[in-house]
Amino acid sequence: MAKEEKPKIKMAVYWGAACGGCCVSVLDVHEKLFDVVAAADLVFWPIALDIKYKDVEAMPDGDIDLTLYNGAVRNSENERLAKLLRQKSKILVAYGSCAHMGGIPGLANFSTREELFERIYDTTESTENPDNIRPQPEYKVPEGVLELPEFYNDVRTLNQVVDVDYYLPGCPPQTERLVEVFMAIVTGAELPSKGSVVGALDKSQCDECPREKSDKKLVKRFYRPFEIEDDGKTCFLEQGVICLGPATRGGCGVRCIEGNAPCRGCYGPPPDVPDPGAKMMSAIATMIDENDPEAIEKVIDTIDDPAGTFYRFSLPGSILRRKIT
Amino acid sequence: MEEEKRIGVYVCWCGTNIAKMVDVVDVAKEIGKLPNVVIAKDYKYMCSDPGQELIIKDIKEHNLDRVVVSACSPRIHELTFRKALQNAGLNPYMFEMANIREQVSWVHTDRGEATRKAKSLVAAAVNRITWHESLDKRTVDINPATMIIGGGIAGISAALEIGNSGRKIFLIEKENKLGGHLAGVDLTFPYMYSADQILKPLIKQVTNNPNIEVFLNTQIDEVFGYVGNFETKITPGDGKEVELKFGNVIVASGLKPYDPGGIENYGYGKLPNVITSLEFEQMLKKGKIVTKEGAEPKNVAIIHCVGSRNKDYHEYCSRICCMTALKFSNQLRSALPDTNIFECYADIRSFGKGCEEFYAQTSRKDIMFLMFDQKNDLPRIRKAETMDECDMLIEFNELLSGEDIEVPADMVVLMVALEAQENARDIAHAVGVSMCGNEFYIERHPKLDPVATTTDGVYVVGGCQSPKDIPDSISQARAAAARILATINIGQVEVEVTTAVVNEDICCGCQTCVNVCPYTAISFDEEKGVSVVNEVLCKGCGTCGSTCPTGAIRSRHFTDKQILSQIEGLMSTSIELQEV
C-alpha cells in the first residue's frame with residue numbers, strides 16, 4: 001500500500017474495441033479499490049468518469065504514470081486514442097486479450113469490412129435496409145458535417161499501432177493479477193523488462209491443471225463439450241475435447257477448467273510462441289488416431305469451427321493475422 | 001540480445017553455372033549493405049582450396065563470427081565449408097548456405113528475376129545466421145556385436161562377413177531353419193547353379209562359426225537404445241528369455257510371395273492345376289513335374305506379373321519373376337521335351353549380367369512367347385471342355401498379333417509378385433526404420449546410401465528393402481557388413497548434435513510430444529513433470545518441436561526463431577531486390 005507522503009500516481013483506463021469486461025474487471029478489485037484510489041488519481045476512464053478527450057489532449061506529454069488500454073484497435077477513434085495515450089503515458093499496458101492479441105473482436109479478421117457491413121446492414125434476419133445505407137466517416141447535414149470514426153478493414157492489436165510497455169493478458173485479466181501489477185508500480189518495485197507479459201506465468205495451463213494427464217492423447221473424433229459426459233478428472237484433450245491449455249499461459253488459476261470447461265486460450269501463448277493457433281493445431285494433429293487420409297479428414301471434420309477455436313483470442317496478433325482476401 | 005554480429009557472405013559463381021544466370025557481383029554488393037554483414041564477396045569457385053582459404057583468411061582478418069556461402073546445395077558442400085570454419089577456429093554451426101544454383105540458376109531463364117531471387121535467398125540466410133548458436137559434436141562408444149534379423153541368404157552373408165572378421169553376431173530367424181526362400185529354390189538363373197550347392201555350405205559355415213550365435217523360431221519385439229548401444233530381449237523356441245546387447249542392427253527380414261487367390265481371372269485355389277511359382281519350384285526340386293491328377297502335363301503355361309505392375313494389386317515390378325519364368329521354361333524343356341510351353345508375359349525384363357543372353361537362349365528352345373495387356377486386360381483361365389483335349393483354356397488378346405486367342409494348358413504357373421513380410425511393420429517399429437507405401441523399408445538415400453537408414457546403426461539389406469535377386473541381396477549384405485566393421489574399427493561414432501532440447505521452465509507436462517517421436521527419444525519425467533529428450537537417440541527430425549504446443553521444445557539449429565527470421569529475410573524489402 002502506498003504511504004501517505006508518497007505522491008499519488010496518475011492512472012488512466014481506456015477501452016478500444018472492447019466489450020467493457022476489462023473495465024469491469026478493474027472495478028472487481030472490490031474493497032481494494034480504496035487502496036487503488038489512495039495510491040492513484042484516476043485521470044481518465046470513460047466508463048466511470050466524465051473526462052473528455054480534449055482534457056487528455058491538454059495534459060503534458062508523459063503526465064500519466066500508468067495507462068491500461070483495453071480493447072483492440074478497430075477504428076480510427078481507437079487508433080487516435082491509442083496514439084494520444086501513448087504520448088501522454090509513462091507506462092502503457094495492453095490490458096486484456098483484445099489489446100494483447102486482438103481478442104474476440106479480432107475474429108472479424110476472418111472477414112473483410114465489406115463482408116461485415118453486408119451482414120450487419122443488409123443480410124441480418126432482423127434488418128430492413130431497402131436504401132442500402134452504410135455508415136460513412138462523414139455525412140453532410142444542413143447544420144454541418146457529421147463525423148463517425150472510420151471503420152478499418154483490419155482489427156489490430158495495440159502493439160501493432162503504438163509501442164507497448166507491458167501486456168497483462170486475460171479475458172478479462174484476473175483482478176488479483178491487476179492488483180499485483182498495480183501495487184508493483186505504485187510501490188516502485190523493480191519492473192520487468194519492457195515488452196514483458198506481466199500478471200501471467202511462463203508455464204502453460206497444464207502445469208496448474210488438476211486433471212490427470214498421460215501420453216495417451218489419441219482420439220477417433222473430437223467433441224464439443226456438450227457432446228460428451230465429462231468424467232471431471234481426465235485431461236480434456238484425452239477425452240477428445242479441444243482444450244487450448246497446453247498453448248496458453250497459466251496465471252488465471254485455471255478457472256475455466258475448474259469450472260469443467262476447457263481452456264479457450266485468453267491468456268495468450270507462452271513466451272517464444274508467435275502463433276498459438278498454429279502451435280495448437282499441430283499438437284492436435286498428432287492426436288488423430290487414424291492413418292488413412294480419408295479417415296483423418298473425417299476426424300478433422302468433427303472439429304467445430306476450427307479457425308474460431310484455435311484463434312479465438314489471438315488472430316490479429318498471430319502470424320496468420322487475417323484472412324487474405 | 002541484439003549484440004553485434006560479424007557476418008561474412010560469399011557468393012559463388014560456380015564457374016558459369018551460377019554466374020551465367022545470376023548477377024553474382026550485384027548480389028554481393030547488395031547483401032553487403034545488410035546490417036551485421038561485415039564483408040560480402042563473390043568468387044569463381046568457393047569450394048576450391050583458394051575459395052576456402054579466402055573464407056579462413058577473412059575470418060581471421062576481419063574477426064568474423066558467422067559465415068554465409070551462397071552457392072550450390074548444402075547437400076553437396078555444407079560439410080566442406082563447415083570444415084573450413086573449423087580450420088579457422090569457428091564453430092562449424094556458425095555457417096549457413098543459400099542455394100542459388102539448384103534453386104536459382106539451374107531452374108530459371110530470366111537473369112533479372114533469378115538475381116532478385118538469389119538476393120532474397122541470401123538475405124534470408126543472413127537473417128537466419130544471426131540466430132545461430134555454437135553446437136558441439138558428441139561421440140558414443142560402439143558395442144562390437146551385431147544383431148541380424150533374418151537368416152536368409154542376405155542375413156547369412158552379412159553374418160559370415162562380420163563373424164569371420166572375429167566380431168560377435170546374433171542371427172535371429174523366425175523359422176525353424178536357416179536359408180530363407182533360397183532353401184526352396186532348385187536351380188538359379190541365369191547360370192543354372194544349384195541353390196543347394198550355394199546355400200548349404202554357407203549354412204554349415206554359419207553354424208560352425210563360434211562368433212555367430214543363431215536363434216531359430218525367434219521374433220523381435222522391441223529394440224531399445226541407439227547406435228553403438230542397442231539391446232533387446234528375445235524368447236527363442238525353447239522359451240527361455242535371452243537379453244542381447246549389440247552396437248548395430250542389420251535387418252534382412254526378406255519378403256513373401258503374393259497370394260494370387262485375390263485375382264479372380266486366374267482361378268487360383270479353384271482350378272487345381274493353377275499353381276504358384278513357388279509350388280512349381282518345389283516340383284522342380286523334387287524332380288517331378290506332374291498335374292494334380294499325377295499326369296505329365298502336355299501343355300504348360302507360365303503367366304507373368306501376377307500381382308505386379310497393376311494398380312489393383314502391386315504397382316511395382318517384382319524384379320526377379322521374368323528370369324525365374326525363363327528358368328522354368330528351360331527346366332521344363334529339359335524335363336519334358338515334347339510338352340508345349342507358353343510364356344504369357346507383359347514385358348520381358350531381362351536386365352543384369354547374363355540375363356538378356358539367357359532370354360535369347362531360352363527363346364530358341366521352342367517356347368511360345370505370347371504378350372498380354374497387364375494394365376487393362378488380364379488373361380482369363382477356365383476349365384476346358386472334354387473335346388478341347390486339355391485341362392484348361394487361357395483366353396486373352398495377344399498384343400503382338402492383335403488376335404483373341406485361347407491357350408491350352410494342363411498346368412498354369414503363376415509368377416507371383418513379391419511383397420513385404422506380414423510383420424514388416426512390427427520390425428520397422430522395433431528397430432525404428434521407415435517404410436514406403438508398399439511396406440518395404442526405406443534406405444537413407446536411394447543412390448548414395450542404399451543400405452543405411454535414417455536410424456544410425458540400423459541397416460536394411462536384401463528383399464525387405466525391395467525385391468532382389470541373390471547377387472544383389474548378397475552385395476547389400478556385405479556392404480552393410482563393411483559399414484558396420486568400419487564403425488566397430490573406429491570404436492566410436494559421432495551422434496547428431498542438431499537435436500531437440502526441452503526447456504524445463506516452459507514445459508507444462510502435457511505429454512503431447514511423447515508418442516510422436518519416431519526414434520522413441522522422448523520420455524516423461526514423472527518427478528519433474530516435464531518431458532525429457534534422450535539426445536543420443538534424437539535425430540533432430542523436429543517432429544516434437546513442431547508438436548509442442550508450449551514452445552518448450554526447441555530443435556537445435558532449426559529453432560522457431562531461426563526459421564521465422566529466415567522467412568522474414570526472404571520477405572524483406574530492406575535490400576534492393578529489383579533488377580539493376
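This is a predicted model: local features need pLDDT of at least 70, side-chain atom pairs count only at pLDDT 80 or more; totals for chains, interfaces and linings use all residues.

Reply: Residues are numbered from 1 along each chain as its sequence is written, and chains are lettered from A and ligands numbered from 1 in the order in which they are written.

Now find helix α5 (residues 111–129) and helix α14 (residues 560–571), both in chain B; their axes come within 7 Å and cross at roughly 145°. Helices here are DSSP runs of H or I, at least four residues, and strands are runs of E, at least two, numbered from the N terminus. Axes are lines fitted to C-alpha atoms, for helices over the stretch in contact, with angles from 0 to 180 degrees between N-to-C directions.

Who does the touching? On α5(B), the contact residues include Ser120(B), Ala123(B) and Asn127(B), and on α14(B) they include Gln562(B), Ser565(B) and Gly569(B). Contact means that C-beta atoms, placed from the backbone, lie within 7 Å.

Elsewhere in chain B, there's an open sheet of 3 strands in the order β11-β12-β13, paired antiparallel. Its edge strands are β11 (223–226) and β13 (242–246) of chain B, and the twist averages 15° from one strand to the next. Strand β12 (residues 229–234) of chain B joins β13(B) over 5 bridges; pairing takes at least two bridges found by DSSP. Look for Lys233(B), which sits opposite Glu243(B) in β13(B).

How values were computed. Two residues are in contact if their C-beta atoms, placed from the backbone, lie within 7 Å.
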